[in-house]
Amino acid sequence: MLQIHQNVSLKNFNTFGIDASARYFVEIAHEDELTELFLDPQWKTTERLVLGGGSNLLLTQDFDGLVIRMNIRSIEHRINHNEVFVEAGAGEVWNDFVNYCVGWQFAGVENMSLIPGSVGASPIQNIGAYGVELKDVFDTCRAFEIATGEFKTFTKADCRFGYRESVFKQKKGEYIIVSVKFTLSLTPNINTRYGAIEQELANRGISNPTIKDISQVVSHIRVSKLPDPSTIGNAGSFFKNPVITADAFNPIQNKYPDIVNFPGGDGLVKLAAGWMIEQCGWKGKVVGHTGTWKNQALVLVNHGGATGQEVYALSSQIIDSVYSKFGVMLEREVNIL
Ligand code: FAD
Ligand code: EPU
């Protein structure tokens, strides 16, 4: 029998550490429980929030609906010649899944070591770091369709992955991912294209890295740049890196020749939002209980006791100031509730 709890504090369920509460709260440990939950028509019409690790979320108020916390745990793999299929439950911690793969020497996810959150949320924004995105290793995912009560399988094409984008963002609230299947390899394709990885490997005197080396080096770089949510509340990059046309980019670059930029695909240009925010003087700035991180201006932090509205207000100020200096509109990456 499913336990629906009432008036539950979400403080320990979001990495910003915002003290907000949920009117109703249910934990799902098996996919059948979703079927059971939605047999009660009340939950189809109640506002819902599907929650994994709460590491890409800003709660700006109490939530007057049902929080569905995904806790489906399982990891299984099947080897077929050189290919490995690993399937993990939505509630698995992403980094535990990465460690499982690295431990078995299944290559493909090592560059995404130490990203917080759950496996089930990984397709939502097509997580990515250090030169690899989820879509590079994604096979399929299984999701519960709330409107019909059926389980559906999404292929990579169905997911329409883009930079921090997927069909699940466009069809927000329609599907609950219950498991994700990945295609990995027994032959590593070591990816050290991200400059900082090369540098750190050189510092360690490693010239022929294994996937374990990559995982350790990426973890080291991340710890040096990003605040640890267990001590400083945050949700990683608060904004997306803007992707603009070359025509829009050229006049900006003429004015700011040092502007940090990368190829954005299809002739587009991806701008480093962190650099622009820093140029506007925000890096490391403390504003009330909130601010930006001293080593990474793209990360907004809770220095203790911040409300979601305070963090949101700071993000609006940053958007305004980047727009007035560079004429570029930042888009929030974090889900705002
Ligand atoms: P939550 O925050 O719980 O949810 C995020 C969104 O997904 C919400 O809209 C939620 O409703 C939805 N959702 C969650 N689970 C499901 C499900 N099973 N089915 C349907 N919808 C669901 N992200 C990166 O891409 N790259 C990084 O390098 C990175 N670094 C980070 C570093 C730090 C310190 C932090 C705090 C965050 C970082 N992030 C990064 C963001 C975050 O880790 C990812 O977005 C992660 O996938 C969020 O997982 P979660 O389980 O915490 O999702
Ligand atoms: N930069 C600055 N000042 C800053 C921050 C960055 O000048 O305060 C410059 C850096 O010097 C570098 C460039 O901006 O030249 C890019 O910085 P970094 O390598 O730190 O990456 P990012 O673009 O800021 C993105 C992702 C991260 C991911 C890293 C590594 C987005 C929105 N963010 O950050 O993802 O971990 O690359 O791949 O794409 C997240 O999504 O939460 C997240 C942390």
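A polar contact is a pair of N or O atoms within 3.5 Å. The model discussed here is predicted.

**Ligand 2**

The pairs are listed below.

| Residue | Atom of ligand 2 | Distance |
|---|---|---|
| Arg164 | oxygen | 2.9 Å |
| Glu278 | nitrogen | 2.7 Å |
| Gln296 | oxygen | 2.8 Å |

Taken alone, ligand 2 exposes 820 Å², and the protein buries 81% of that area.

The shell around ligand 2 holds 22 residues. Tyr163, Tyr194, Glu278, Gln296 and Glu333 come nearest. By class, the shell divides into ten nonpolar, seven charged and five polar residues.

Which helices and strands each supply at least two residues of this shell? They are helix 7 (211–225), helix 9 (273–279), strand 13 (233–237) and strand 19 (296–302). On the domain level, domain 2 (75–185) and domain 3 (233–336) each give at least three residues to the shell.

**Ser122**

Ser122 sits in the loop that runs between helix 3 (94–104) and strand 8 (128–129). Is Ser122 buried or exposed? Its relative accessibility is 1%, so Ser122 counts as buried. The cut-off for buried is under 20%.

Leaving aside residues up to four places away in sequence, Ser122 touches Trp94, Ile127, Leu134 and Phe182. A polar atom of the Ser122 side chain lies 2.6 Å from the backbone oxygen of Val119. Glu133 is eleven residues from Ser122 along the chain, and the C-alpha atoms of the two are separated by 9.7 Å.

Key
Residues numbered from 1 in each chain as written. Chains lettered and ligands numbered in written order. Predicted model: local features only at pLDDT ≥ 70, side-chain atom pairs only at ≥ 80, totals over all residues. Heavy atoms only, no water. Near = heavy atom within 4 Å. Polar contact = N/O pair within 3.5 Å; in protein donor to acceptor, adjacent residues only side chain to side chain. Areas by Shrake-Rupley, 256 points an atom, 1.4 Å probe, with all protein chains shown as cover. Helix = DSSP H or I, 4+ residues; strand = E, 2+ residues; numbered from the N terminus. Nonpolar A, V, L, I, M, F, W, Y, C, P; charged D, E, K, R; others polar. Domains from an automatic or database assignment. Buried < 20%, exposed > 50% of the residue type's maximum accessible area, 1.4 Å probe, protein only. Contact = heavy atoms within 4.5 Å.
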